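Let's take a friendly walk through the salt bridges of this model. Have the sequence and the 3D view ready as you read.

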Amino acid sequence: MAKSAEQGHPNQAFGWAATDTSGVLSPFKFSRRATGEKDVRFKVLYCGICHSDLHMIKNEWGKSRYPIVPGHEVVGIVTEVGSKVEKLKVGDKVGVGCFVGACHSCDDCANDLENYCPKKIYTYGDTYYDGTATQGGYSDVMVAEERYVIHFPDNLPLDGGAPLLCAGITVYSPLKYFELTKPGMHIGVVGLGGLGHVAVKFAKAFGVKVTVISTSPGKKEEALERLGADSFVVSRDPDQMRAAMGTMDGIIDTVFAAHPLLPLIGLLKSHGKLILVAAPIDRPIELPVYALMSGRKLVASSLSGGLKETQEMIDFAGKHNITADVEVVPIDYVNTAMERLEKADVRYRFVIDIGNTLKAA
């Protein structure tokens with residue numbers, strides 16, 4: 001007979017979990033494994049709320065297994081390290097992102113691309129090597145193999161830094177891989193939300209000219225005055241779109257809702273690249289091939305990043321003082337936060353204050 005979540009491991013843990021497709025989160029007792037020789041144990045202080053958490057707690061991707069403790073933007077302070085841990089010590093600021101395991105033998109793993117490993121193990125809602133369910137960061141403690149733990153620079157705030165473990169690496173990785181970081185290049189960022197606002201910050205830190213492309217004229221001042229974008233285009237304004245045609249070397253598209261790609265492809269220069277880092281779950285996007293052929297343009301996609309690149313991204317963020325814009329909330333506000341997130345009523349990421357507000361019953 002399978003052990004319960006509370007009995008599966010020797011160390012007690014406490015968090016908030018969804019237990020059915022309603023997605024309602026409530027206090028939940030479970031367990032974490034003992035700290036192995038290569039493991040790092042840390043006290044969770046903050047955990048970001050990602051839009052994928054919302055999908056998972058409601059089983060909108062059809063793969064959720066309950067009970068489920070969400071959270072893959074998990075940060076805190078190391079409290080214990082295993083005997084073979086080499087790079088981290090008690091007291092270090094650390095984080096865990098989207099996954100906590102992989103096969104370590106495929107080509108992707110060999111090339112520091114664990115995020116593309118076909119056997120990667122997600123931080124929550126998955127099955128760990130020992131057969132037990134993984135549980136995420138809406139909890140008081142986290143245990144992970146050192147390889148999957150990211151060291152945070154001392155100057156990087158943990159609350160604003162937490163969303164970088166998902167939102168940050170999701171935009172940083174394609175900027176680097178598709179060579180859209182050369183000073184003087186011109187890139188567009190579609191959507192000024194949780195991903196988009198961080199994309200603007202990273203691109204500007206690389207010295208790139210940035211145009212925000214949005215359906216919302218009301219976001220212009222925010223984009224230009226506070227986030228430092230160079231220009232702003234309302235995608236529903238034909239005149240503005242026409243004026244921007246053929247001006248961009250690349251575009252990072254962060255919009256989850258279904259939308260036409262043809263107008264965005266028209267903004268690209270010849271050989272330009274449209275990179276999708278979000279995708280609608282309800283229906284596929286149409287690909288206008290002829291528009292690509294007329295300029296040898298590229299439509300591609302990207303999914304988070306490997307551990308080496310994630311550490312690089314966090315170090316870059318520390319050097320350039322890049323954090324997400326966050327609304328820090330107590331754990332007992334989490335269900336309201338989910339409702340607001342579904343309505344896009346957040347600027348720009350919710351982060352749960354785990355350390356000060358999560359108390360075991």
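Lysine 269 pairs with aspartate 249 in a salt bridge, with 3.3 Å between the closest N and O atoms. This pair connects distant parts of the chain, 20 residues apart: lysine 269 sits in strand 14 (residues 268-276) and aspartate 249 in strand 13 (residues 248-253). A salt bridge here is a side-chain nitrogen of Lys or Arg within 4 Å of a carboxyl oxygen of Asp or Glu. Helices (H or I, at least four residues) and strands (E, at least two) are DSSP runs, numbered from the N terminus.

Lysine 269 is partly exposed, at 32% relative accessibility. The cut-offs are under 20% relative accessible area for buried, over 50% for exposed, and partly exposed in between (1.4 Å probe, protein chains only).

## How to read the model

This is a predicted model, in which local features need pLDDT of at least 70 and side-chain atom pairs count only at pLDDT 80 or more, while totals for chains, interfaces and linings use all residues. Residues are numbered from 1 along each chain as its sequence is written, and side-chain values use heavy atoms, leaving out hydrogens and water.

## Other bridges to look at

The structure holds 16 salt bridges. One of them joins lysine 204 to aspartate 230, with the closest N and O atoms 2.9 Å apart. Lysine 204 is partly exposed at 29%, and aspartate 230 is partly exposed at 39%.

Aspartate 345 and arginine 340 also meet in a salt bridge (3.0 Å, N to O). Arginine 340 is buried, at 17% relative accessibility, whereas aspartate 345 is partly exposed at 40%.
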